[in-house]
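This report is meant for someone meeting the structure for the first time.

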Amino acid sequence: QVQLVESGGGLVQTGGSLRLSCAAPGRTFGNYDMGWFRQGPGKEREFVATISTTGTTTAIPDSVKGRFTISRNNTKNTVYLQKDSPKVEDTAVYHCAAGQRGIGLLSRSYDYWGQGTQVTVSS
């Protein structure tokens, strides 16, 4: 069982920046590929970013490429999502997820999910 706890959400203005963190206590964090997904009001869950176990491989969709960056620190058991120049449409609950099927763009690639952190972007 992997417990994931997101933090760093809140209110941010367009043009600002925000960094989300996802902590996974335990010594097995480095064995998991990590992903970020989001679900905006009235929308389906959407893939945002993924990173391999060692951090050498990442994938980010075109919708947020150039504005979002994913990284991880395995010594701190934490994965990050840096959000620069956020847009109002980035408003959503952001979830991190962990899996061992290789980096994936689909929810089914991940076995463990955090509760999510709300990000609200205002203009």
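The protein, which is shown here as a predicted model, exposes about 6400 Å², and carbon and sulfur atoms supply 45% of that area. Among its 123 residues, 45% count as buried. As for charge, the protein carries 13 positive and 9 negative side chains, and the centres of these two sets are 5 Å apart.

**Overall fold**

The protein contains 11 strands and 0 helices, so that reading along the sequence gives the pattern β-β-β-β-β-β-β-β-β-β-β. Its radius of gyration is 13 Å, close to the 14 Å that the globule rule gives for 123 residues, and the protein is therefore as compact as a globular protein of that length. Along the principal axes, the C-alpha trace spans about 40 × 25 × 25 Å. When contacts with a separation of 6 or more are considered, 56% of them are accounted for by residues 24 or more positions apart.

**The disulfide**

A search of the whole structure finds 1 disulfide, and this link joins C22 to C96, with a distance of 1.9 Å from S to S. The link of C22 and C96 is right-handed, with 50° about the S-S bond. Because C22 lies in strand 3 and C96 in strand 9, the pair ties together parts that are 74 residues apart in sequence. Both C22 and C96 are buried.

| Strand | Residues |
|---|---|
| Strand 3 | residues 17–23 |
| Strand 7 | residues 68–73 |
| Strand 8 | residues 78–84 |
| Strand 9 | residues 92–99 |

**A position in a loop**

Where is N74 found? N74 belongs to the loop between strand 7 and strand 8.

Which residues does N74 contact once its neighbours within four places in sequence are left aside? N74 is then in contact with F29, G30, T53 and T54. A further residue to look at is N31, which is 43 residues away from N74 in sequence, while the two are 9.4 Å apart in space, taken from C-alpha to C-alpha.

Terms used:
Residues are numbered from 1 along each chain as its sequence is written. This is a predicted model: local features need pLDDT of at least 70, side-chain atom pairs count only at pLDDT 80 or more; totals for chains, interfaces and linings use all residues. Side-chain values use heavy atoms; hydrogens and water are left out. Helices (H or I, at least four residues) and strands (E, at least two) are DSSP runs, numbered from the N terminus. The radius of gyration is taken over C-alpha atoms; the globule rule is 2.2 Å times the number of residues to the power 0.38. Buried means under 20% relative accessible area, exposed over 50%, partly exposed in between (1.4 Å probe, protein chains only). Contact means heavy atoms within 4.5 Å. Accessible areas come from the Shrake-Rupley method with a 1.4 Å probe; for residues, only the protein chains shown count as cover. Lys and Arg count as positive and Asp and Glu as negative; His and the chain ends are not counted. The place of a charge is taken as NZ of Lys, CZ of Arg, CG of Asp or CD of Glu. A disulfide is a pair of cysteine sulfur atoms within 2.5 Å.
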